[in-house]
Amino acid sequence: ELMYGTVYQTQVYRNLQGGVGEWVDVSPNVSGSKPFFTPLTINPETPWVLYTGAVWIWRSHDAGRSWKEMPNTILNGDLQADLITAIAVTPANPFVILAGRGAEVYRSDDDGDSWWASRFDAKVNNVELSPFDDRLAVVCLAQTSDQGPQLYRSVDGGRTWTASGQGLPPFAVQVARWHPLEEQTIFAGTD
């Protein structure tokens, strides 16, 4: 059984024995700044396709044996100077990728060849795409409710975002996940 794990600074490990035995370092050869918390996203349809991030996004098509940095062509602006904090993919459309970096969310509809940026007023903690519809997405922000909305939702592929954190505790939202069977249910985790 294939398993992956991460530690700090973009270190990725793989185990082919269900967590028993040796964990092999399959980290990309990333130079420069690296995040303390390593984002790792596994494609739900093809678990040997991995995404991780540092200054930009790295992808492996072979369970971490080799990695390639993805293009960073931003169609509506410049790349913000920060580190990748989150990456999301969806079985609803294999060409769509969402990534959080600083106070921006980047969306690609062409498998990472080009990106559109959306800017927020706080650091992006996490991004999530619906497994049912690639136009549905949520962004979790590192701010409390007295500083502004902690959660935003998009129904148009990230072109526009609407505050969607009503009823949440007044803390930063760290993570959001869609219910695997109920399209209208999203779980949010706060501090």
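The paragraphs below lead from the whole protein to one of its sheets, then to a strand pair and a single residue.

This is a predicted model, in which local features need pLDDT of at least 70 and side-chain atom pairs count only at pLDDT 80 or more, while totals for chains, interfaces and linings use all residues. Residues are numbered from 1 along each chain as its sequence is written, and side-chain values use heavy atoms, with hydrogens and water left out.

The protein contains zero helices and 17 strands, where helices (H or I, at least four residues) and strands (E, at least two) are DSSP runs numbered from the N terminus. For 191 residues, a compact globule would have a radius of gyration near 16 Å, and the value of 16 Å for the protein agrees with this; the radius is taken over C-alpha atoms, and the globule rule is 2.2 Å times the number of residues to the power 0.38. Along the principal axes, the C-alpha trace spans about 45 × 35 × 30 Å. Of the 191 residues, 46% are buried, a term that stands for under 20% relative accessible area, with exposed meaning over 50% and partly exposed lying in between (1.4 Å probe, protein chains only). Among contacts with a separation of 6 or more, 41% come from residues 24 or more positions apart, contact meaning heavy atoms within 4.5 Å.

One part of the fold is an open sheet of four strands in the order β4-β5-β6-β7, with antiparallel pairing. Its edge strands, β4 (40-42) and β7 (68-69), each pair on one side only; two strands are said to pair if DSSP finds at least two bridges between them. Strand β6 (residues 57-60) is joined to β7 in the antiparallel sense over two bridges, and here Arg59 stands opposite Lys68 in β7.

Strand β12 pairs with strand β13 (residues 137-141) in the antiparallel sense over five bridges, and Leu129 stands opposite Ala137 in β13.

Strand β13 is also the place of Leu141, a residue that is buried, with a relative accessible area of 1%. When residues up to four places away in sequence are not counted, Leu141 touches several others, among them Phe120, Val124, Pro149, Tyr152 and Val173. Leu141 and Asn126 are 15 residues apart in sequence, and their C-alpha atoms are 7.2 Å apart in space.
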